[in-house]
Amino acid sequence: MPEDIDAVYHQMQHLGNKWADAHAEAEMLEEAKKCVLATITLHYIGDGGTKAAAEVQAYASQEYQDHIKRMVEARRRANLAKIELESICLLYTSPSPRDRG
């Protein structure tokens, strides 16, 4: 067990907050995916296209592709933050080899 338990506690708290923030960002972008698609689709429908054609154009639009890239990158950052937190937790909660007997 580490000598400075307060430092470990604060490190875990910091990493937990980092993961929570990254997870919230990823969730927000994932939840907004349909709204972004609908907004872009409406733009193309407004240009006189059919709904089906407008949706195809929306999927192909740079704006939608950029949203997907931001969404995937945010999820990647959240996953990395979670791994970092879980690694620290595992490090400090697993018994050391000498404790195992």
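**Burial and overall form**

I started with burial: 22% of the 101 residues in the chain are buried. I note that this is a predicted model.

I then looked up the radius of gyration. The chain has 22 Å, whereas a compact globule of 101 residues would have one near 13 Å. I took the extents next. The C-alpha trace spans about 75 × 25 × 15 Å along its principal axes.

For the chain it comes to about 7300 Å². Carbon and sulfur atoms hold 59% of that area.

**Elements**

I counted 3 helices and 0 strands in the chain. Read from the N terminus, the order is α-α-α.

**Helix α1**

I went through α1 next. This helix covers residues 5-46, which is 42 residues. From first C-alpha to last, α1 reaches 61 Å, close to the 62 Å expected at 1.5 Å a residue.

I looked for a bend. α1 bends by about 40° at K33.

G48 follows the helix, and its phi is positive, near 100°.

**What α1 buries**

Which residues of α1 are buried? I listed V8, L15, G16, A22, A26, L29, V36, L37, I40 and T41. I kept the helical repeat in mind here. An α-helix has 3.6 residues a turn, so residues three or four places apart point the same way.

I then asked what the buried residues of α1 pack against. I found two partners: α2, residues 51-60, and α3, residues 62-93.

**The aromatic pair**

I searched for aromatic pairs and found 1 in the structure. Its members are Y59 and Y64. Their ring centres lie 5.4 Å apart, and the planes stand at 90°. That makes the pair edge-to-face, because planes over 60 degrees apart count as such.

Is Y64 buried or exposed? Y64 has 5% relative accessibility, so it counts as buried. Y59 has a relative accessible area of 40%, so I logged it as partly exposed. The cut-offs behind both calls are under 20% for buried and over 50% for exposed.

Definitions and conventions:
Residues are numbered from 1 along each chain as its sequence is written. This is a predicted model: local features need pLDDT of at least 70, side-chain atom pairs count only at pLDDT 80 or more; totals for chains, interfaces and linings use all residues. Side-chain values use heavy atoms; hydrogens and water are left out. Rings of Phe, Tyr and Trp (its six-membered ring) pair if their centres lie within 6.5 Å; planes under 30 degrees apart count as stacked, over 60 as edge-to-face and the rest as tilted. Buried means under 20% relative accessible area, exposed over 50%, partly exposed in between (1.4 Å probe, protein chains only). Helices (H or I, at least four residues) and strands (E, at least two) are DSSP runs, numbered from the N terminus. The expected span of a helix is 1.5 Å times one less than its number of residues. The bend at a residue is the angle between axes fitted to the seven residues ending there and the seven starting there. Contact means heavy atoms within 4.5 Å. The radius of gyration is taken over C-alpha atoms; the globule rule is 2.2 Å times the number of residues to the power 0.38. Accessible areas come from the Shrake-Rupley method with a 1.4 Å probe; for residues, only the protein chains shown count as cover.
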